Amino acid sequence: MSLNGKRILFFSPKFLGYDEVIKNELERRGAGVSLYDERPSSNSVVKALIRVNPKLLESFSRKYFSDIFAKENNKFFDYIFIIKGEAISPQVIGLMKKYFKKSKLIFYSWDSLKNVKYTDTKIHLFDKAFSFDRDDCEKYQNVNYLPLFFSPSYSSPEDSHHPKSIDLIFIASLHSDRYKVLKRILANVAFIKPDFSAYSFLFYSSKLFFLLRKLLDRNFLNVPYSQVKWTPLSQDDVVRKIHDANIIIDINHPKQSGLTMRTIESVALKKKLITTNASIRHERFYDEANILIIDRNKPAITKDFIFSPYKEIDKIIISEYSVETWVSNIFCE
């Protein structure tokens with residue numbers, strides 16, 4: 001669909017460049033986009049406080065958004081598009097509607113809504129709402145299911161003759177029991193293929209908060225400091241690494257059923273996937289030849305899956321998970 005001439009006020013988390021991927025696609029469609037962080041600060045302490053209880057910073061957040069609304073008040077926006085919006089209170093949404101009376105408000109969550117405090121007080125204030133988590137859509141009648149997307153950098157063709165130097169690859173942020181589950185998976189694979197090769201990249205944004213988590217969270221207790229990376233890989237680096245691998249490991253948050261970005265990217269890059277997320281069965285690209293669903297506590301990796309080749313899936317199905325299709329689904333009238 002064309003967004004030519006449309007203006008969009010866009011609030012999104014600053015997360016590994018995905019906000020810019022969406023902005024670029026909107027602009028490619030002809031839209032004028034004003035992009036802002038959906039939080040009043042990217043400071044780790046501020047982000048943590050918002051996650052714990054956004055009301056702790058309500059005045060700070062209200063001023064942040066009020067200043068943006070005043071700055072952009074001289075423009076007409078066809079859409080106000082908000083991703084996640086943890087710091088956006090019902091009062092801020094009310095103020096937004098006063099400034100931009102004719103704008104259509106659209107919401108998307110790439111976090112499970114049960115993990116976002118006070119969702120009940122504001123989700124009904126949007127004209128359209130989407131979530132990547134099927135459980136959210138069952139709980140809220142006005143929330144539509146829409147999985148995440150892969151960006152254009154993941155749709156580059158791979159040389160089929162390119163040698164694979166990595167059997168298993170895991171690139172993700174460090175949270176919950178991810179490290180424990182990863183260790184279980186690798187230990188299980190070692191019984192099948194003792195000489196297997198693996199690459200893992202565990203990212204955490206703050207050294208201070210990591211040390212606090214090691215003190216307070218038993219899941220972090222045995223995570224070696226030396227194995228944690230403090231700067232994320234660029235999307236181009238991720239693509240290059242995954243091209244060198246046969247199988248991607250995906251470990252979802254135990255409190256989410258939504259598919260991770262890495263899961264969708266595995267579809268674009270035509271990689272086999274080992275995942276803890278059973279909800280993947282509902283997706284059109286699901287094929288047990290390519291996707292092995294495991295128990296996070298007792299992962300059972302099969303020899304057949306490790307050694308079998310990737311099974312091609314329809315290009316039309318792959319395209320359904322592109323950022324182009326994602327944007328069309330968000331903004332379709």
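Buried means under 20% relative accessible area, exposed over 50%, and partly exposed in between, with a 1.4 Å probe and protein chains only. The model is predicted: local features need pLDDT of at least 70, side-chain atom pairs count only at pLDDT 80 or more, and totals for chains, interfaces and linings use all residues. Residues are numbered from 1 along each chain as its sequence is written, and side-chain values use heavy atoms, with hydrogens and water left out.

**Exercise 1. Find the aromatic pair of Y108 and W326 and classify it.**

Step 1. Start with burial. W326 has 2% relative accessibility, so W326 counts as buried. Y108 is buried too, at 0%.

Step 2. Recall the rule. Rings of Phe, Tyr and Trp (its six-membered ring) pair if their centres lie within 6.5 Å. Planes under 30 degrees apart count as stacked, over 60 as edge-to-face, and the rest as tilted.

Step 3. Take a second pair for practice. F15 and W110 have centres 6.2 Å apart and planes at 50 degrees, a tilted pair. F15 lies in the loop between β1 and α1, and W110 in the loop between β4 (104-109) and β5 (128-131), so this pair ties together parts that are 95 residues apart in sequence. F15 is partly exposed at 34%. W110 is buried at 13%.

Step 4. Now classify Y108 and W326. Their ring centres are 5.0 Å apart and their planes stand at 80 degrees, so the pair is edge-to-face. Y108 sits in strand β4 and W326 in helix α12, 218 residues apart. Helices (H or I, at least four residues) and strands (E, at least two) are DSSP runs, numbered from the N terminus.

Step 5. Widen the view. The whole structure holds 26 aromatic pairs. One aromatic cluster includes F15, W110, Y108 and W326, and also F10, Y18, Y79, F81, F149 and F331.

**Exercise 2. Describe the largest nonpolar core.**

Step 1. Define the term. A nonpolar core is a set of buried Ala, Val, Leu, Ile, Met, Phe, Trp, Tyr and Cys residues joined through side-chain atoms within 4.5 Å.

Step 2. Size it. The largest core has 52 residues. F81, Y108, F285, W326 and F331 have the most contacts inside it.

Step 3. Name the main contributor. Helix α12 (residues 323-331) gives the most to this core, with five residues.

Step 4. Look apart from it. Another core has 28 residues, among them F69, I82, F100 and V143.

Step 5. Zoom in on F285. Contact means heavy atoms within 4.5 Å. Not counting residues up to four places away in sequence, F285 touches L259, T263, I264, V267, I280, I291, I313, I317 and Y321.

**Exercise 3. List the buried residues of helix α1 and find what covers them.**

Step 1. α1 spans residues 18-28. Its buried residues are Y18, D19, V21, I22, K23, E25 and L26.

Step 2. The cover includes strands β1 (7-12), β2 (32-37) and β3 (79-83). It also includes helices α8 (235-243), α9 (261-268) and α12.

Step 3. Check what follows. G30 comes after α1 and has a positive phi, near 100 degrees.
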